[in-house]
Amino acid sequence: MAVTIKECLQLQLLEMEMLFSMFPNKGEISLQDKNALSYVQMYLKNIKEGLPPRIEYSISVDIDEPKRRAYRKEGESTLNPFGRRGGGDLWAEYGNIPTVSPPPRMTAVKVDLHVSLPHSYPHSAPQLFARSNALDRQNQLQLNKHLTSHISSLDLGELCVCAAVQWVRDNSASYFQNSNVSFETAPKEKAVKIIFHRMWIYSHHIYRQELKKKIFDCAKQLNLTGFCLTGKPGIICVEGLKENCEEFWHVIRYPNWKHISCKHVESTETEGNGDKLHLFRTFEDLQFQAHGDYGLRNDYHMDLGQFLEFLKQHQSEHIFQILFGVEGKHSDNQVHN
């Protein structure tokens with residue numbers, strides 16, 4: 001019986017669940033497209049008709065690399081424990097012990113296993129490639145040649161990425177031993193760089209409690225700092241990792257928030273976690289005294305003078321002109337539903 005693409009994709013998701021349980025730490029598995037698994041799930045639920053993108057990712061596999069150490073060959077002259085060369089009763093006692101090399105000392109290195117899954121996998125072979133900075137080109141080619149040979153020996157129709165990971169763990173050490181690139185001289189990993197993002201979002205108003213809850217829950221979940229100014233107008237600022245800010249923007253504006261726009265974005269590449277770039281330490285619920293006497297009405301304007309002072313305190317006075325300088329017009333990012 002012919003196997004459908006949907007059956008293959010279901011198996012691929014099952015294997016991804018197994019891999020995430022094997023590699024639970026952040027950064028051990030990196031998806032090339034973070035939305036790929038969601039697209040596959042939507043396709044399986046018939047929410048999307050077109051084929052989803054391939055599932056492509058890399059796995060960081062720890063390998064114990066034997067480090068070669070120099071030991072005295074049997075009969076070779078060397079210093080005895082008291083700093084004298086051969087001869088004398090003490091050397092007779094210590095220097096004639098048969099030389100036996102202890103097991104090689106092990107040092108952890110990493111192999112990145114890059115995986116690309118055709119839609120018909122596991123009924124067609126996955127594309128696999130292993131690489132490490134501690135391997136020279138020749139040994140890296142040999143490693144991948146033998147990995148491909150091993151995967152080719154397995155039966156089509158069987159999930160094999162977990163088997164590939166285990167093969168890399170069990171067989172990579174010998175390639176490091178033969179490599180001309182020693183672990184000590186291997187290129188050091190570059191400091192991780194991130195894109196620190198800050199988004200300034202304008203809304204005609206923010207009143208509803210359920211909407212405020214959604215904003216604050218989403219910011220907390222995505223580890224973002226900033227503030228939400230409720231009332232009329234409503235202003236939101238979020239700052240943190242670029243992908244988290246963009247996810248926040250995606251979540252809050254759908255499905256039915258009208259007249260909301262991202263007025264300004266500040267983006268900086270930096271090393272580390274970007275803590276020094278934060279203007280805000282938490283995500284604040286910002287409220288000022290309403291302008292005018294509106295009583296209990298749910299249509300009140302915030303005192304923008306107080307808001308301007310708040311921006312000045314956080315080195316963001318220039319944003320006021322961006323938000324309110326051209327009244328009645330919206331940026332290209334405005335959303336209409």
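Two strands count as paired here if DSSP finds at least two bridges between them, and strands (E, at least two residues) and helices (H or I, at least four) are DSSP runs numbered from the N terminus. This is a predicted model, so to speak of local features we need pLDDT of at least 70, side-chain atom pairs count only at pLDDT 80 or more, and totals for chains, interfaces and linings use all residues. Residues are numbered from 1 along each chain as its sequence is written, and side-chain values use heavy atoms, with hydrogens and water left out.

**View 1. The open sheet, strand by strand.** Five strands line up in the order β8-β5-β7-β6-β9, with mixed pairing. The edges belong to β8 (260-271) and β9 (283-286); each has a single partner strand, so one side of each is left without a neighbour in the sheet. From one strand to the next, the twist averages 10°. As a reminder, strands of a sheet pair through backbone hydrogen bonds, either parallel or antiparallel.

**View 2. Strand β5 and its two partners.** β5 runs antiparallel to β8 over 11 bridges, and H197 sits opposite S267 in β8. With β7 the pairing is also antiparallel, this time over 8 bridges, and F196 stands opposite L241 in β7. Of the 11 residues of β5, 9 are buried, so the strand is largely enclosed by the rest of the structure. "Buried" means under 20% relative accessible area, "exposed" means over 50%, and "partly exposed" is anything in between (1.4 Å probe, protein chains only).

**View 3. β6 meets β7, with helices on the sheet.** Strand β6 (residues 225-229) and strand β7 (residues 234-241) make an antiparallel pair with 5 bridges. C228 faces its opposite number, I236 in β7. Helix α7 (residues 209-221) lies across β6, β7 and β9, and runs at about 160° to β9. Helix α8 (residues 242-253) packs on the sheet too, touching β5 (193-203), β7 and β8, and its direction makes about 145° with that of β7. Axes are lines fitted to C-alpha atoms, for helices over the stretch in contact, and angles run from 0 to 180 degrees between N-to-C directions; contact means heavy atoms within 4.5 Å.

**View 4. Helix α1 packed against α5.** Helix α1 (residues 5-22) and helix α5 (residues 161-171) cross at an angle of about 35°, their axes 10 Å apart. On the α1 side the contact is made by E15, M18, L19 and M22, and on the α5 side by V161, C162, V165 and R169. That contact splits into 6 nonpolar, no polar and 2 charged residues (Ala, Val, Leu, Ile, Met, Phe, Trp, Tyr, Cys and Pro are nonpolar, Asp, Glu, Lys and Arg charged, and the others, Gly among them, polar).

**View 5. The two sides of α1.** Buried residues in α1 are C8, L9, Q12, L13, E15, M16 and L19. Seen down the helix axis, they fall within an arc of 165°, so they line one face of the helix; the arc is that of the directions from the axis to the C-beta atoms. On the other side, E17 and S21 are exposed.

**View 6. Around Q306.** Q306 belongs to helix α9 (residues 304-313). At 28% relative accessibility, Q306 counts as partly exposed. Leaving out residues up to four places away in sequence, Q306 touches F288 and Q289.
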